[in-house]
Amino acid sequence: MSFAISILKTILVSMVGLSFQAALPSYDRIVVDPNFEGAYQITSADLNGDNLPDLVAVSDRLSEVVWYENPTWKKHVLLYETSGNIDLNPYDIDGDSDMDLAFACEFSLSETINGGHIYWLENPGDQDKKWTKHLIDSLPTTHRLRWTDIDGDGTGELVNLPMLGIGSTGTDSEIPVQLVYYAIPEDPRVDDWSRILIDSSLHLSHSISIFNWDEDPAGEILTASSDGLALFDFNHRGWNKKKMTTGNDGEGRVTRGAGEVAAGNLGNRRFLASIEPWHGNKVVFYTENDRQWQRKVIDTTFVDGHALACYDLNNDGFDEILAGHRGKTYNLYIFQYQPAQDQWERTALDRGGISAAGVHVFDANQDGIPDIAASGSATHNIVLYQGRR
């Protein structure tokens with residue numbers, strides 16, 4: 001009966017935007033790793049083929065790429081030999097039915113001529129064997145990697161967003177960033193991966209998010225930079241860039257625009273969420289009205305804001321905003337929309353225990369209730385918040 005009610009609510013919300021105020025799940029806090037220095041990014045993927053999503057994490061201070069085996073969360077190290085590890089994203093790159101990883105390392109804001117290595121890490125199919133790393137490209141200050149099916153052919157392409165343009169001499173540089181993608185070659189182990197330019201107009205870029213913005217099967221790319229929030233859509237004529245908002249007002253690039261971006265739905269309305277500016281103090285909510293995006297700041301208390309996601313945690317048709325900051329006082333929050341008041345209500349998921357550099361929503365125990373994982377950079381930990389009704 002509860003499943004039928006849930007489906008009915010989803011249909012009604014989709015059709016007419018009706019609001020059902022469902023309570024958020026309760027969360028049990030599970031420390032997966034209390035000692036992972038500089039934990040930066042975290043995601044999930046079934047790495048050992050047991051149909052349970054494992055956690056995968058990188059630190060920008062350590063040489064290891066690690067994964068935690070579900071459900072015991074036993075720690076495994078799959079790579080030992082890199083530095084400046086900054087991001088990773090799972091995909092079956094070689095088509096052998098196990099999950100590989102796209103991986104970015106050698107990141108440094110002060111090195112804009114060299115570094116920025118992008119590898120794909122080949123899953124050996126046996127957790128006791130070593131993973132093999134294959135070079136895709138080197139693009140200085142590579143910062144975010146995301147897979148999306150750009151052309152709608154059923155195969156993913158790898159999108160790469162660096163933070164600064166090649167040869168930049170600081171965050172205020174006028175040299176634009178090269179937003180690029182790579183199609184998987186016929187033999188990804190030996191064939192060259194071609195770098196294909198999407199855009200070269202952004203500056204001080206920090207975040208990308210993949211969101212299906214229109215009716216086609218391909219995912220669109222949202223970017224956060226000092227220029228604000230932008231949407232990139234591919235069609236038969238090529239790439240179309242749409243500037244959504246300018247973001248925060250400021251004099252220099254570090255005080256302008258946005259640092260993080262995510263998109264969600266409130267019933268039948270889309271919205272954008274951002275943290276502004278770069279590593280900023282504000283959580284911001286945007287809704288579209290007459291083709292103009294209206295900006296509403298919903299929190300100004302962040303210190304070094306860095307973690308952001310949107311997800312319907314309570315299955316009421318309205319996405320929540322999850323946002324956290326790395327600086328003291330180390331908070332991770334859930335913001336829940338209240339339609340009657342047109343306001344966002346803030347709930348503390350973790351107060352003081354996670355310096356949230358990254359946040360990721362997944363279903364760890366496959367019970368239909370979304371769980372949340374976060375990586376703490378200054379708190380040096382990986383934490384799982386397991387949902388229950």
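**Cores, loops and a pocket in a predicted model**

The largest nonpolar core has 21 residues, and Ile118, Ile136, Leu158, Tyr182 and Trp193 have the most contacts inside it. Such a core is a set of buried Ala, Val, Leu, Ile, Met, Phe, Trp, Tyr and Cys residues joined through side-chain atoms within 4.5 Å. Two or more of its residues come from each of β7 (100-105), β8 (117-122), β10 (142-148) and β12 (177-183). The strands here are DSSP runs (E, at least two residues), numbered from the N terminus. A second, separate core of 18 residues includes Ile275, Ile298, Leu308 and Tyr333.

A word on the ground rules: this is a predicted model, with local features needing pLDDT of at least 70 and side-chain atom pairs counting only at pLDDT 80 or more, while totals for chains, interfaces and linings use all residues. Residues are numbered from 1 along each chain as its sequence is written, and side-chain values use heavy atoms, with hydrogens and water left out.

Leaving aside neighbours within four places in sequence, Ile118 is in contact (heavy atoms within 4.5 Å) with residues including Phe103, Leu135, Ile136, Leu145, Leu158 and Tyr182. The list also takes in His134, Asp137, Ser138, Thr142 and Asn160, among others.

Now for the largest pocket. About 780 Å³ of space lies in it, a volume being the space filled by probe spheres set on grid points that are joined across faces, edges and corners. A pocket, on a 1 Å grid over the protein atoms alone, is an open set of points where a 1.4 Å probe fits, with protein on both sides within 12 Å along at least five of seven lines; lining residues have an atom within 4 Å of a point. The lining of the largest pocket comprises 30 residues, and Arg146, Leu308, Ala309, Val359 and His360 lie nearest the centre. Leu308 has already turned up in the second core. At least two lining residues come from each of β2 (39-45), β6 (87-91), β10, β14 (207-211), β18 (260-266), β22 (305-311) and β26 (356-362).

Next, the loops. Trp278 sits between β19 (269-276) and β20 (282-289). Trp278 counts as buried because its relative accessibility is 16%, where buried means under 20% relative accessible area, exposed over 50% and partly exposed in between (1.4 Å probe, protein chains only). Apart from neighbours within four places in sequence, Trp278 touches Leu109, Met163, Thr171, Leu204, His206, Val254, Arg256, Ala258 and Gly259. Leu55, by contrast, lies 223 residues from Trp278 in sequence and 27 Å away in space, C-alpha to C-alpha. The loop between β19 and β20 also holds Pro277, which is joined to Glu276 by a cis peptide bond with omega of about -15 degrees.

Ser173 lies in the loop between β11 (157-162) and β12. With a relative accessibility of 13%, Ser173 counts as buried. A polar atom of the Ser173 side chain is 3.1 Å from the backbone nitrogen of Ile175; this is a polar contact, a pair of N or O atoms within 3.5 Å in which, within protein, one must be able to donate a hydrogen and the other to accept it, and residues adjacent in sequence count only if both atoms are side-chain atoms. Beyond four places in sequence, Ser173 is in contact with Ser168, His203 and Arg253.

Strands β4 (residues 65-69) and β5 (residues 74-79) run antiparallel over five bridges, pairing being called when DSSP finds at least two bridges between two strands. Glu69 has Lys74 as its bridge partner in β5. Four residues lie between the strands, and Trp73 takes a positive phi near 60 degrees. Pro71 is in the loop between β4 and β5, and the peptide bond joining Asn70 and Pro71 is cis, with omega about 10 degrees.

Positive phi shows up elsewhere too. Glu106, in the loop between β7 and β8, has a phi of about 55 degrees although it is not a glycine, and at 31% relative accessibility Glu106 counts as partly exposed. Asp304, in the loop between β21 (292-299) and β22, has phi near 65 degrees and is partly exposed at 24%. Finally, Gly95, in the loop between β6 and β7, is exposed at 56% relative accessibility.
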